[in-house]
Amino acid sequence: MRAEIPLREDVAKLSRTNPSESRDSDLRIIRNKFFSMLSLIFLLLGYFASVMYYESKIFIESEFASVSAKKFPLYVWLFLLGSTVFASIALFFRRLSAFQAGKKFRDERWIFSGHFIAMIFELCVTWVIPVESWSNIAFQNFNYEKNLVTFYKLNDLLTLAMNFRLIIVLDIILRNQKYSSLAMLKILEKYQIEINVLFILKCLMKKRPYTIFIWALLVSIFLFTYGIRICEMPLAIKLENSSFQSYVTIVWMVIITMTTVGYGDYTPKTIPGRILCFFLCIWGIFLMSLIVIILFQSLELNFEEKQALVTFNKLEAKKQLHESAVSLIGSWYRQKKGSRTLEVVEEHKRAFRSHRLDFVLNEPSGFDYFFE
């Protein structure tokens with residue numbers, strides 16, 4: 001059974017809270033936001049450190065690298081390790097404070113709660129990082145199209161897997177919106193709705209659809225560009241092909257593929273790159289469908305505009321019907337009075353009905369606005 005919309009008394013009841021209880025809740029929320037921001041900062045720092053680590057490893061293998069530059073990847077990896085440690089600590093306290101903030105809404109233990117399970121998942125994802133001592137571990141891969149043997153380093157694959165960190169980053173950003181506040185939690189509890197990331201994302205799409213779409217587009221371009229570069233780099237170095245060693249070329253290919261144009265001037269040559277490009281095609285179809293829905297909703301009339309259109313259509317209909325009635329009465333008056341009175345009245349009724357029907361059929365969605 002669908003829950004009813006809250007009345008004024010229900011809203012007032014939800015807004016009344018005990019001062020001490022409200023103060024404790026505010027402290028828990030502030031603590032949760034503090035650790036969320038720390039987690040977000042350290043996760044992003046570690047992610048960009050992994051990008052620098054991968055690029056520095058490629059650079060030191062080139063002929064332009066100096067002896068002093070070969071120590072730079074070690075310093076970057078130590079920074080990555082430190083940021084991962086601090087991110088893990090912040091994630092633990094973030095989940096613990098979130099559990100304490102919502103404990104009065106659900107009676108459960110910490111170890112059996114959803115926050116504990118989510119914390120274990122987040123820690124496992126956070127600790128997927130390249131290891132400096134594993135730099136020489138590689139997997140052999142044979143490319144049947146070019147008949148060449150290439151090697152994928154384990155650290156490169158771990159760097160690619162670090163993209164899953166952005167799932168935690170997205171969760172932190174969404175759960176720090178106003179739609180995940182304590183007031184919203186109370187309202188959702190009243191209607192027996194569980195707050196989750198999908199609900200917050202729906203609210204943001206209703207509030208700021210273009211902002212969400214632009215951010216999703218930019219982040220997608222960066223992620224897929226970086227991922228395809230990692231997948232194609234071993235073969236590109238072997239073939240001495242500069243196409244997939246350039247970010248500009250890969251960005252161009254990602255944009256063309258995502259928008260479902262697909263010129264085919266640049267295509268992945270490795271199996272991992274093609275698998276990633278397949279997911280890029282699926283994600284691009286979703287994004288292009290999303291912008292069509294957003295544009296359609298933007299061009300739709302709101303309530304006030306619909307009311308104005310209804311009023312205008314009624315005035316126009318009244319004006320046209322008045323002119324039609326005047327013409328019919330004038331033509332009847334010019335005839336001999338009393339000779340065809342009943343016939344003219346029936347003719348006027350038929351004209352009135354047909355005129356109203358013509359107006360409804362000729363006006364797009366006129367029926368909705370006229371007889372709503």
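A pocket, as used here, is an open set of grid points with protein on both sides within 12 Å along at least five of seven lines. Keep in mind that this is a predicted model.

Let's start with the largest pocket, which has a volume of about 1400 Å³. Its lining is made up of 36 residues, and Leu166, Leu170, Val219, Ser220 and Leu223 lie nearest the centre. By type, the lining splits into 30 nonpolar residues, five polar and one charged. Helices α2 (19-60), α5 (154-161), α6 (165-175), α8 (197-207), α9 and α11 each put in at least two lining residues, with α9 giving the most, at eleven.

Now for the packing. The largest nonpolar core has 19 residues, and Phe213, Ile228, Phe244, Met253, Val254, Met258 and Leu280 touch the most other members. Two or more core residues come from each of α9 (209-239), α10 (247-258) and α11 (271-299); α11 is the top contributor, with seven. Apart from this core lies another one of ten residues, including Tyr179, Leu185, Ile195 and Leu204.

Take Met258: beyond four places in sequence, its contacts are Leu217, Ser220, Ile221, Leu280, Gly284, Ile285, Leu287 and Met288.

How far can you trust the model? The average pLDDT is 80, and 76% of the residues score at least 70.

| Element | Mean pLDDT |
|---|---|
| α10, highest | 92 |
| α14 (366-370), lowest | 42 |

Residues 1-5 stay under 50 in pLDDT, with three contacts beyond four places in sequence. Residues 358-372 are also below 50, and that stretch has 18 contacts beyond near neighbours in sequence.

Key. Residues are numbered from 1 along each chain as its sequence is written. This is a predicted model: local features need pLDDT of at least 70, side-chain atom pairs count only at pLDDT 80 or more; totals for chains, interfaces and linings use all residues. Side-chain values use heavy atoms; hydrogens and water are left out. A nonpolar core is a set of buried Ala, Val, Leu, Ile, Met, Phe, Trp, Tyr and Cys residues joined through side-chain atoms within 4.5 Å. Buried means under 20% relative accessible area, exposed over 50%, partly exposed in between (1.4 Å probe, protein chains only). Helices (H or I, at least four residues) and strands (E, at least two) are DSSP runs, numbered from the N terminus. Contact means heavy atoms within 4.5 Å. pLDDT is the predictor's confidence in each residue, from 0 to 100. On a 1 Å grid over the protein atoms alone, a cavity is a set of points where a 1.4 Å probe fits but cannot get out, and a pocket is an open set with protein on both sides within 12 Å along at least five of seven lines; lining residues have an atom within 4 Å of a point. Grid points are joined across faces, edges and corners, and a volume is the space filled by probe spheres set on the points. Ala, Val, Leu, Ile, Met, Phe, Trp, Tyr, Cys and Pro count as nonpolar, Asp, Glu, Lys and Arg as charged, and the others, Gly among them, as polar.
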